[in-house]
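Work through the exercises below with the model open. Try each task before reading its solution.

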Amino acid sequence: MRMASTRRSLLLSAAALTATSMLPARAQKTGPVAIGVITPTTGTFAYAGELVARGAALAVEMHGGKILGRDIRLLTRDDEGKPASGVRRVQEAVSSEGMRFFLGAYSSAVGLAESEIAQREKVLQFAAGGSEDFTGSRCGRYTLQWSAHPYTAMRATLDYARKAFPQKKTIYTLTADYVFGQALLKYAKVVAAELGFELIGNDNHPFGERQYTQYLTKVVAAKPDILLLNTAGADAVTAIRQFSSFGDDKTAVVGPWTLEVDQLAELAPEMRTGLILGQNYYPDIDTPANKQFVANYTKKFSAPPGYSAAYAYDAVRAILLAMEAANSTEVADVIKSLEQMSWDGVLGKMSIDPKNHQLVRPYFVVRCKTAADMRNPTDFAEIVATEGKQQPAELNECKQMPAL
Amino acid sequence: MNADGEPAGVSDAGVSKSGPHLVSIAKVACVIAAVAVLPLMMPINIATEIMIFGIFAMATNLLIGTAGLYSFGQAAFFGAGGYAAGFLLAHGWTSLPLVFGFAVVVTGLLAAAVGLVSIKRVGIYFMMLTFACNQLIYYAAYSWRSVTGGEDGLAGVRRPVLELPFVGAIPFDDNRVFYAFTAVLFLVAMAFLVRVVESPFGLVLAAARQNTRRAASLGYPVAKLQLVAFIIAGAVSGIAGALFGMLYRIVPIDSVHWFGSAYVVFMVVIGGTRSMIGPALGAFVFIWLQGLLSLTWSRWPLLLGLFVVATMIFQPDGLLALLTKRPAWLSGRRERSRS
Amino acid sequence: MLWLISAQLVNGIAIGLVYAVMSFGLSIIKGLLNVPNFAHGALYALGAYICYAVVSLQLPFAIGLAAAFLGAAVAGLLLDRFAIRPVGNGGYLPQLIVLFGAALIIEQLLLIGWGTVGLSYSPPAMLRGALNLGITVVPRYIAFASVFSALVIVLVWLLIERTKFGAYVRAGIERPETTQALGINVELLLSSGMMLGAGLAGLAGGLALPIVGATSTMGGDMLGIAFVVLVIGGLGSLYGSIAAGILVGVVQSLTTIVAPSASTAIVYVLMIGVLLFRPQGLFGER
């Protein structure tokens with residue numbers, strides 16, 4: 001009796017599952033083209049997920065919702081900011097929704113994990129994130145990197161610092177103790193030597209640290225001209241907040257890749273004032289494509305776009321342009337077309353370096369405004385420099401791009 | 001193996017030995033049928049994950065349900081198994097017995113070390129010690145980049161090859177073959193763990209769960225047996241972790257994060273601790289529900305939290321009991337008192 | 001070198017006092033209700049958000065702190081009524097899971113209420129800038145937070161040791177079975193214990209707002225530390241967590257001199273070390 005009821009319940013739940021899960025298998029030549037948007041809507045990067053989805057949706061909308069006569073279908077999935085969830089969602093969408101193109105992810109640890117699936121399943125991944133491994137030691141033919149290279153970021157930011165503060169000499173670095181932070185530190189050493197800065201001290205802090213006063217006490221005692229933050233996201237927000245509580249206004253705070261415009265609102269205006277920050281994107285960028293993007297985005301969502309939205313918009317737009325150029329929605333054709341293409345993107349003239357799949361693009365340096373100078377609540381900063389020096393080829397670890 | 005909601009251990013073994021043979025056969029058939037049907041209902045990688053986390057949850061249930069050891073650090077062994085197997089597979093050693101053997105040895109030793117530190121402590125102390133060891137192993141994995149890849153994960157993991165005499169080499173590159181392989185391991189793990197629970201060893205563990213002092217005063221080396229159970233659970237979790245690394249060909253850093261430890265305890269308790277089917281059901285519900293809820297609303301963890309709270313309040317014996325008998329709140333005899 | 005050690009010592013004590021407030025609350029809840037409050041981190045986050053909501057209405061920071069305490073206390077009462085009591089005497093495991101689920105719910109509610117972008121608040125003008133102590137500089141707000149934490153701890157100590165309510169609390173912790181026989185309303189006592197403990201978590205969150213801001217995940221960071229402090233102090237000891245909190249803060253801070261990247265892992269090493277030599281914690285009995 002009991003077993004019968006167990007079996008019945010099992011069958012019932014099986015039926016329920018079949019109803020809710022998806023049955024269609026491989027991509028067809030005629031159905032809609034599925035583009036995945038695999039981003040975090042929960043977890044540490046929860047703020048980014050919805051913004052990425054907005055950018056992608058706008059790109060599809062402005063393209064008329066169709067590509068080569070086929071509908072475009074966006075698949076939005078939550079990667080929770082966790083690599084294990086990211087690969088789960090990507091693999092699932094590939095095998096049961098016929099997804100052949102996707103944006104992923106916002107966090108580079110997640111993106112690098114997804115890249116393994118992308119190479120294996122031969123699907124195109126347009127990634128964003130800070131890790132240089134995307135286009136270095138773990139480069140792959142099916143993965144493209146939208147964000148700037150850490151070298152480009154460091155170079156642009158310190159070039160500006162050199163120009164803006166000719167009298168400043170000494171730099172103290174605070175570095176997140178994981179691959180991304182250490183990569184920034186490596187390039188800080190390279191660039192600082194060229195520009196005549198002296199690195200007088202460095203402290204590594206563990207990822208996710210919430211107490212920075214113990215490091216900052218050392219910084220304040222060392223009296224450097226510049227505090228260089230090789231750390232990002234929530235860690236950087238906390239460090240800047242706590243540094244501002246020391247009231248030390250002789251030390252300039254410079255962050256090459258520290259806070260994107262999306263996260264600037266996390267700091268109170270008096271904490272941000274005077275910060276010099278490198279940016280992958282800033283809404284004031286003066287290009288025709290960006291002006292059109294900002295206007296449409298602001299109209300649709302009543303808020304200016306940030307890095308997350310711009311990445312998604314521009315990456316989807318580039319994929320669609322490449323499909324048109326290739327007159328094909330086959331992954332191999334689209335990748336070849338992207339490798340040769342040059343287009344007017346939101347950041348300016350853009351192309352993909354075929355040797356390592358790094359987006360060749362400018363990087364932006366902004367200086368944060370005082371509360372009094374802000375024209376509206378999202379007028380955080382002004383762009384003070386634009387520069388796009390690519391990583392020197394001899395420092396790149398991408399050996400060879402495999403055949404498609 | 002008993003789906004009737006009797007406590008595992010003493011009475012459990014009694015029932016299945018004296019009970020009609022047919023019932024056991026029907027249960028086995030049911031489990032096998034469920035495992036066979038699963039990949040038809042959902043994407044194959046999700047079905048494979050359910051098998052993998054099923055193994056992980058069943059191993060954890062040996063501690064929670066049978067031995068009464070509330071470990072909060074099992075992800076350490078899951079992750080370590082993934083790293084151990086993944087390291088060999090990423091460096092060209094693809095022999096299946098070698099890879100799993102290495103994962104079992106590494107996680108067994110690690111579990112022995114953690115067990116030695118924590119097994120004699122009870123209650124929250126035990127939970128906290130296993131949790132702390134989990135944290136330390138996480139930081140070790142995070143910092144030991146040359147082996148684990150740090151926060152970017154151990155990439156380049158290949159799937160092993162099974163060399164069989166007369167048959168030849170069986171590769172697992174096809175996801176369906178890999179599912180079949182995982183499912184077989186799942187069934188083997190279930191059979192093995194049920195045997196362990198029903199063995200005299202399991203009976204002593206269960207007796208010690210109910211009354212440690214009495215079991216000890218009867219002359220059983222309780223702490224030693226609990227340590228052995230901890231090592232078994234760790235090694236089986238290591239196998240699950242190894243499979244996880246092979247599934248996505250990467251061992252991500254979060255496979256060793258303590259969230260994994262918390263989630264596996266969720267799976268066990270939500271499914272039901274009184275048999276090995278419960279945790280497997282818990283793994284199924286948990287993974288499936290996460291996928292379903294995350295499609296509905298960007299604040300979906302709230303729904304997951306509500307589900308967890310409601311399950312614990314209305315179905316404290318786990319969801320398996322819901323399938324097999326009328327829930328307590330329907331029968332109207334509820335006893336509630338506070339300790 | 002000497003100045004560096006003393007500077008880190010000062011900093012460690014300051015941070016440790018905030019840990020102590022947090023763990024003191026945990027200790028009261030564990031002692032009185034025998035519940036490991038896994039929602040303590042979420043209550044801490046709730047306190048930070050409530051404090052932010054109050055100060056962004058241009059109300060004084062002091063009111064923000066009071067509201068953080070009260071708001072978290074009310075949340076604690078709700079947890080007691082709708083999560084802890086319904087699972088009854090099932091033991092640690094159901095309590096733990098139900099509180100974990102409740103923590104998920106609270107964190108998501110914070111995101112719904114205040115958005116996914118974290119929040120910042122600068123302390124009142126008189127608490128900005130740094131104090132020069134000669135050997136080192138300390139941000140004024142950090143100094144204030146530690147003095148304030150110490151005051152809160154003393155106040156709660158007085159409440160427990162010198163009032164009738166406190167006598168009941170002590171009786172409830174030391175002899176739970178006889179408390180009922182004495183004609184004390186145990187339900188009420190347990191609820192107020194939960195409120196007091198939860199309120200302290202909220203207060204710690206409000207106090208931490210100018211230092212770490214308000215984010216939905218801030219509770220998870222703090223929860224591990226709070227439990228480590230509780231266990232090092234000893235579960236049987238109500239006040240052990242205060243000394244243990246300061247100890248953990250100081251050890252963490254001193255570690256940054258020699259091995260900064262190990263400063264998170266060190267607290268777990270410390271805990272395992274303490275429990276190996278004193279299984280009942282530093283101040284626990286038995």
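**Exercise 1. Which residue of chain B forms a salt bridge with A:R120, and how far apart are the closest N and O atoms?**

Solution. Start from the rule: a salt bridge is a side-chain nitrogen of Lys or Arg within 4 Å of a carboxyl oxygen of Asp or Glu. Apply it to A:R120. The partner is B:D173, with the closest N and O atoms 3.8 Å apart. Then widen the search to the interface of chain B and chain A, where the rule finds three salt bridges. Over all chains, the whole structure holds 30 salt bridges.

Two conventions apply throughout. This is a predicted model, in which local features need pLDDT of at least 70 and side-chain atom pairs count only at pLDDT 80 or more, while totals for chains, interfaces and linings use all residues. Residues are numbered from 1 along each chain as its sequence is written, chains are lettered from A and ligands numbered from 1 in the order in which they are written, and side-chain values use heavy atoms, with hydrogens and water left out.

**Exercise 2. Describe the side of chain B that touches chain A.**

Solution. Step one: count the residues. Contact means heavy atoms within 4.5 Å. Chain B gives 44 residues and chain A gives 46 residues.

Step two: take the area. Buried area is the accessible area (1.4 Å probe) that two parts lose on being put together, summed over both. Chain B and chain A bury about 3,800 Å², with 60% of it on carbon and sulfur atoms. B:M41, B:D152 and B:Y248 supply 15% of the area that chain B buries here, more than any other three residues.

Step three: count polar contacts. Each is a pair of N or O atoms within 3.5 Å; within protein, one must be able to donate a hydrogen and the other to accept it, and residues adjacent in sequence count only if both atoms are side-chain atoms. Between chain B and chain A there are 10 residue pairs in polar contact, both residues at pLDDT 80 or more.

Step four: assign elements. Helices (H or I, at least four residues) and strands (E, at least two) are DSSP runs, numbered from the N terminus. Elements of chain B that give two or more residues to this side include helix 2 (21–41), helix 3 (44–67) and helix 11 (222–248). Helix 13 of chain B gives the most, with eight residues.

Step five: sort by class. Ala, Val, Leu, Ile, Met, Phe, Trp, Tyr, Cys and Pro count as nonpolar, Asp, Glu, Lys and Arg as charged, and the others, Gly among them, as polar. This side of chain B has 25 nonpolar, nine polar and 10 charged residues.

**Exercise 3. What is the strand order of the open sheet in chain A?**

Solution. The six strands run in the order 2-3-1-4-5-6, with mixed pairing. Two strands pair if DSSP finds at least two bridges between them. The edges are strand 2 (66–67) and strand 6 (143–145) of chain A, each pairing on one side only.

Now walk the pairs. Strand 2 and strand 3 of chain A run antiparallel, joined by two bridges. They form a hairpin with two residues between them, and A:L68 in the turn has a positive phi of about 50°. Strand 1 (residues 33–39) and strand 3 (residues 70–78) of chain A are parallel over seven bridges. A:A34 has A:R73 as its bridge partner.

**Exercise 4. Which helix of chain A holds the salt-bridge partner of A:R73?**

Solution. The side chains of A:R73 and A:E97 meet in a salt bridge (3.2 Å, N to O). A:R73 sits in strand 3 of chain A and A:E97 in helix 3 (residues 83–97) of chain A, 24 residues apart, so the pair links distant parts of the chain.
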